[in-house]
Structures are given as C-alpha cells and as structure tokens.
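Let's walk through this structure together, starting with its charged pairs and ending at its ligand. Keep the sequence at hand as you read.

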Amino acid sequence: IIRHLGVVTDISSQKEKELVLQQALLRTQELSQLKSQFVATVSHEFRTPLATMQSSLELINYHLASAATPVPISKHLRVIEQEIEKVTDLLSDFLSASALESGNIRVNARWFDLVALCEELLSTHFSRRQDQRRTHFLVEGTACQLYSDPRLVEHVLINLLANAFKFSTTDPPTLRIEFKPSEVVVYVIDQGIGIPLSEQGNLFQAFFRASNAGAIRGTGLGLVIARQFVEHLCGHLGVESQEHKGSTFTMTLPIDFSVLAG
Ligand code: ADP
C-alpha cells in the first residue's frame, strides 16, 4: 500500500512505519467510501428519469389502446424528451469525472468565436427546456476570437447556466461576457436561492450539495469538473453568492491559452 500511494520512501523507526500504514489505510477507506457514494449517486440519479420515462410510455400505450380518449401523446413525449436530456447530461458529468480522474483530459485548442458559441448553446440547450425563460445575454468590450478549447468552455458554460436555471425559479439568468486586452471574463448571474456563506468553501468538492438545495436534483460533480476544465485552460472559476439573493459564477480565461500554457 505504501509503495502504491507513494507516501514515504525512507522509514526508519517502527513507530513511523505504523503511522504511515495508518495513513495509507485511512486513505484507502476514504477512497472506498467515495466509490460507494459514487455508485449510490449514479444509481439514484438514473433511476428517477428512467422510471418517469417508463410511466410516460405506459400512458401513451394506454391512450393508443383506448381510441375514444383524446390523445395527449405530445405531452408525454415531451416528458420523455426532457428525461432523456437529463440522463444525457448526467452521463456527460460522469464521463468527464472519470476522464479527469484518469488524467485523460486533453486540451484541443483552436481559435473560435466565443460570442457565437454562447448564442449557439443558448438556442440549442436553453431555449426549449427551461419554460421559455430567456437568458439575458450581454457582451462588453471589443469582442475578439479566443484561442482555447471550445468543447471544454462549452461544457463549463452549460453546467453553470443549468445551475443558474435550476436554483432560481423566477427571473432568468444573465450571461455576461467582458472582453479585456488579454483575458475574457464570463459571468453567469442568477437571482435564485444562493449558497449559505458557511458552505461556500465546499462548493468545489466532489458530491457536495448545499443544505438549501433540498429536492433539486443534482450530483454535486458539475462544479468540480467545471473548475478543473477551466484550470486546464489556464483560467480561473470563482463564485460570489448570498443566500436568498442569488449567485454569480465567474470564469476568467486567457484570450490566448497557449501564452500561459507554454
Ligand atoms: P449539482 O448541481 O449537480 O448538485 P454542482 O457541482 O453543479 O452539482 O453544484 C454543487 C452544489 O452547489 C449544488 O448542489 C448546489 O447546492 C450549489 N450550487 C451550484 N450552483 C448554484 C447556484 N447557481 N445557485 C445556488 N446553489 C448552487
């Protein structure tokens, strides 16, 4: 275990040996706990949408079988579509988490138009499924192309915007991009439930869910992945939040990732 964990190479006394072994065993227990938690979360998160889809399909079958009943099939198909979207998002979170863990995140940087990417993702991901609550989209400064990985940037933005919708019920979120000479700052602002101050330090830990998240669904993995992606792009992901007032997540990225990545 000691060699595997790379804890110590030179152990002189018996006492030191015992201490190192104890630490190694503790770490192994922690990892095993995380693994169990992961399996439990995965099972739970997949079971609910699958059950919803199953009952919608049963209702469709029922309506089709009884010709006299008016057929609200499109409503049930819509539910299935939404649940498939949820499962797809979940899978993408789990796959990203496992890629991160195995060190398999590769940055494929190229020049791209961040404003166009945002417009595209707002219309594809957030125009239909969020009750028509349109995101306010603002661009400040002189817009320019970004040399970064558009796939990773898109993943982070989808995650932050999905949270902004999920944790607020009335006002739509704001997506604000501020172009500066050598960096771009992207703000995702919501006026939702916010995050209790005392819990904000845990936000970027795997499986963390704030105490006020209640029954709102989630895995507690999205932000961990998002922060790691942003750091792979030599950027920074931060948050400011006030309970009952709302949250602002801020992603800062260099205009040219290659300058900092070397
Ligand atoms: P998930 O949303 O799947 O639970 P995340 O890692 O994206 O996982 O978020 C972790 C937790 O942080 C959430 O469960 C929630 O408690 C809190 N959180 C994240 N974004 C927001 C937000 N915009 N408003 C309020 N709470 C948030």
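Let's begin with the salt bridges, where the count comes to four. The rule here is a side-chain nitrogen of Lys or Arg within 4 Å of a carboxyl oxygen of Asp or Glu. Before going on, bear in mind that this is a predicted model, with local features needing pLDDT of at least 70, side-chain atom pairs counting only at pLDDT 80 or more, and totals for chains, interfaces and linings using all residues. Residues are numbered from 1 along each chain as its sequence is written, and side-chain values use heavy atoms, with hydrogens and water left out.

Take Arg78 and Glu81, whose side chains meet in a salt bridge at 2.9 Å, N to O. Both sit in helix H3 (residues 73-101), three residues apart, which means about one helical turn separates them. Helices (H or I, at least four residues) and strands (E, at least two) are DSSP runs, numbered from the N terminus. How exposed is Arg78? Arg78 is partly exposed, at a relative accessible area of 25%, and Glu81 is partly exposed too, at 35%. For these words, buried means under 20% relative accessible area, exposed over 50%, and partly exposed in between, with a 1.4 Å probe and protein chains only.

Another salt bridge pairs Asp149 with Arg151, and here the closest N and O atoms are 3.9 Å apart. Asp149 is buried, with a relative accessible area of 1%.

Now move along to Arg176, which forms a salt bridge with Glu178, the closest N and O atoms being 3.2 Å apart. Arg176 counts as partly exposed at 22% relative accessibility, while Glu178 is buried at 18%. Which residues end up in one network here? Salt bridges that share partners tie Glu140, Arg176 and Glu178 together.

Thr174 is in strand E4 (residues 174-179). Thr174 is buried, with a relative accessible area of 16%. If you set aside residues up to four places away in sequence, Thr174 touches Thr135, His136, Leu138, Tyr187, Val188 and Ile189; contact here means heavy atoms within 4.5 Å.

Next, have a look at the loop between E5 and H6, which is where you'll find Gln200. Gln200 is buried, with a relative accessible area of 15%. What does the side chain of Gln200 have 2.9 Å from one of its polar atoms? That would be the backbone oxygen of Ser241. This is a polar contact, meaning a pair of N or O atoms within 3.5 Å; within protein, one must be able to donate a hydrogen and the other to accept it, and residues adjacent in sequence count only if both atoms are side-chain atoms. Leaving aside neighbours within four places in sequence, Gln200 is in contact with Ile195 and Ser241.

Phe207 is also worth a look: this residue lies in the loop between strand E5 (183-190) and H6. Phe207 isn't a glycine, yet has a positive phi of about 70 degrees, and Phe207 is buried at 12% relative accessible area. Cys234 has a positive phi of about 60 degrees, although it is not a glycine. Cys234 is partly exposed, with a relative accessible area of 27%.

Around it are 21 residues, of which Asn163, Arg209, Ala210, Thr219 and Leu223 come nearest; a residue is near if one of its heavy atoms lies within 4 Å. Helix H5 (150-166), helix H6 (222-232) and strand E7 (246-254) each supply at least two residues of this shell. Which of them gives the most? H5 does, with three residues. By type, the shell divides into 10 nonpolar, eight polar and three charged residues, where Ala, Val, Leu, Ile, Met, Phe, Trp, Tyr, Cys and Pro count as nonpolar, Asp, Glu, Lys and Arg as charged, and the others, Gly among them, as polar.
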